[in-house]
Amino acid sequence: MGMNRRVLAVLAGAAIVAGIAVTAAFGAHRATPGVSASTITIGGTFPLTGPASLYKTIPAAESAYFAYVNDHGGVNGRKIDFKVLDDGYDPSKTVPLTQQLVEQDKVFAIFGSLGTAPNLSIWSYLNTHKVPQVLVATGDSYWGFSHKAYPWTIGYQPDYPGEAKIYGQYLDANMPTAKIGVLYQNDAYGKNYYAGLRVGLGAKKSNIVSAQSYDASSTSVVQQVLALKASGANVFVVFALPTQTIGALVTATKVGWTPNATIINNVSANPVFLKIAAANGGNVDGVLSTNYLNLVTTTDKNTAGAKLATAIISKYASALDLNDSNVVYGLGAAWTMTYALKKAGKNPTRAGLMKALKSLNVADPFSYPGMKLQTSATDNFPSEQLVFIKWGGGAAGQWAPFGKIYNHVR
Amino acid sequence: MKLVPIGVVVAVLVALPFLISGYHQGLATYVAIYFIAILGLNILTGYTGQISIGHGAFMAIGGYTTVLLSADQHWNLLATLPASLGISFVCGLIVGVPALRLSGVYLALATFALAVSVPQFPLKFSKFLGGSNGIHAAQTKSHLWLYVVGWSCSALAFAAAWLLLRGRIGRAFRAVRDSELAAVSSGVSLPIYKTLAFGVSAAFAGVAGSLLVLVTNGYAQPGEFGVLLSLEILIGAAVAGLGSLWGVIVGAVFIGLLPSVAPDVPLIGSAHGQDVVFGLIVVLIMLLLPNGFAGFLRRFEPRVKTTIKSDPKTS
């Protein structure tokens, strides 16, 4: 016991001594980390491995775009050094990796880190240390709405509830007597979508005859689809992740349910997934969704943006497939980052980068033609326009945009 | 227990924060967290012979206790640690009761089910537990604060484990491990000591879970406490060597630092290279050091030499 007490006494002493050193260790202040005479270093965390690793084409496309920028003179004479770290979509890994980027690699900004939970885990850390957390790859609305409390964070893509609201408005205007059946994921992601749909439907929300949820961890949605069919619904709305969306489309066909319209959410509307669903026997023709990206390989292929995308990907990342909308997403996010870095001037500061990202008013080549990135001091949603798209042509098919461009989606 | 190695370890840990950057203090805190968790598992598996592949579940319970008390009740973060210790202890006892009927691979499977199911609770009760978007504690702490608290907790855990295992309870644990039949016939109550081992072990894991949440900027989310975490702790315990307190620090360094160090190494740093190297090292350790690092240390201990002389008549 005597020895044990001695050990504790030593430890207590150590704790006191270490406590005194707190201020010393954190008092130091440096001018604009990550910017040298020849480079700007940025970094982000992405799921390169694990269950969400299908998103790894996003950082690959971003790296390709930065390589292209560097070969064309860089940003105001500096080359972009983009560090990609693998957090496997696990927030407890995101934290040390982001700390590594900020404190070891001394990055100028955290760019494009992927996933809602991973970004939430570093949200307060980055804002406390005044490190930009920009163009995060998640469609939750936190990033745009919380800009006062978290001024160093900004999102990129249109947010989920806003997207769902448009589906509600569409159904209200075009199918006022529809019986709507909803399949949604039983978490914040799915519930925000579902809430947005009800807002968009307004008084017509009573048209929802059945809403079935599934847990994110379960890959089968057969029970839910059967229940929706039995409810007599004739419009099928799916707010799910890619795997479950594919499953829902295939199952609906297999159980003989032929709704008048099927709507799937934007993040699951990657042409690659629709083709998988069709190849597995799902009837995907006529499926509706929304889009904000340049449809590079199909209807927009003659635009300057599509030609640039094709040139960059074939030269710098030929393994990537431009039918994968995540690749176009990556190009768009990297374009926006490059644009903001240029705007931040010859001697960029972190505050300057945030100012540039909060005063966007520009049409980027990788967005859907006619759309613009717009932000202001009070509007922190860079991309908030959507256009409806309809699938045609089965397993060899493609999206066809139709109708007007919806503005201020949120 | 020898004073010299303890003194060396304490001296290194006290000196370390003055020598390394804040970022590295953060990494060292991860080692402290794994140290506590592996220590806890070692009490259960190494000393009492009960396997668990579900310690991530107890870490989740501890972690959510801390974050809920901080976010909803505005508790001081330090005060949440004893609370999560207590709650995890009780949960461990509860799990220990059905585990009495199971042993070996069946117990492993039952605890594995725990590792899989507990992280689903926040999704099911998302109003209270935050769902997949998790919950933030009311405050975040600096690297140094985390380092000091993390290693202080480790020291306390080590002292507690040592005190527990050197006495009557430790002897009873070891008796249960070596032969349940012999233990019972010597008057050791199996139900009491088996559930107690589960409770103590879970309490350690709970504190480790609380610290994991604190080091993750006070953010608790189901993804942090997945099956992989339980497996990492088990691997850490295997590397450490079961039934030894000293190997634990090596197991903790292995689990805590490899994922952070590996991305900087050329070959290992590639997307899947890290996993391959990790697996390879585990296989090599199992082949070359079946008793873990502790077994490796034991080889250098002076031992009583016994020589058996062959009887010339029988040869």
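Two residues are in contact if their C-beta atoms, placed from the backbone, lie within 7 Å of each other. Keep that rule at hand during this tour of a predicted model, in which local features need a pLDDT of at least 70 and side-chain atom pairs count only at pLDDT 80 or more, while totals for chains, interfaces and linings use all residues. Residues are numbered from 1 along each chain as its sequence is written, and chains are lettered from A, with ligands numbered from 1, in the order in which they are written.

**Stop 1: A:Asn192**

Select A:Asn192, which, leaving aside its neighbours within four places in sequence, is in contact with A:Tyr160 and A:Pro161. A:Asn192 lies in helix H7 of chain A, residues 188-201; helices (H or I, at least four residues) and strands (E, at least two) are DSSP runs, numbered from the N terminus. Is A:Asn192 buried or exposed? A residue is buried if 20 or more other C-beta atoms lie within 10 Å of its own, exposed if 12 or fewer, and partly exposed in between, with the C-beta atoms placed from the backbone. A:Asn192 counts as buried because it has 23 C-beta neighbours inside 10 Å.

**Stop 2: strand E8 and its partners**

Next select residues 235-239 of chain A, which form strand E8 and pair in the parallel sense with strand E9 (residues 261-264) over four bridges; two strands pair if DSSP finds at least two bridges between them. Along this pairing A:Val235 has A:Ala261 as its bridge partner, and A:Phe236 stands opposite A:Thr262. Strand E6 of chain A (residues 180-185) also runs parallel to E8(A), joined to it by five bridges, and there A:Gly181 stands opposite A:Phe236.

Which residues of E8(A) point one way, and which the other? A:Val235, A:Val237 and A:Phe239 point one way, A:Phe236 and A:Val238 point the other way, and all are buried. Because five of the five residues of E8(A) are buried, this strand is largely enclosed by the rest of the structure.

**Stop 3: the five-stranded sheet**

Move to the open sheet of chain A, in which five strands are ordered E2-E1-E3-E4-E5 and the pairing is parallel. Its edge strands are E2 (79-86) and E5 (153-154), each of which pairs on one side only. Further in, two bridges join strand E3 (residues 109-111) to strand E4 (residues 133-134), and A:Ile110 has A:Gln133 as its bridge partner in E4(A).

**Stop 4: the two domains of chain A**

Colour domain 1 (39-158 + 300-379) and domain 2 (160-291 + 388-406) of chain A separately; such bounds come from an automatic or database domain assignment. The C-alpha centres of the two domains lie 29 Å apart, and the contact takes eleven residues from domain 1 and ten residues from domain 2.

**Stop 5: B:Ala37**

Finally, go to chain B and select B:Ala37, which, leaving aside its neighbours within four places in sequence, is in contact with B:His55, B:Met59, B:Phe204, B:Ala205, B:Ala208 and B:Ile233.
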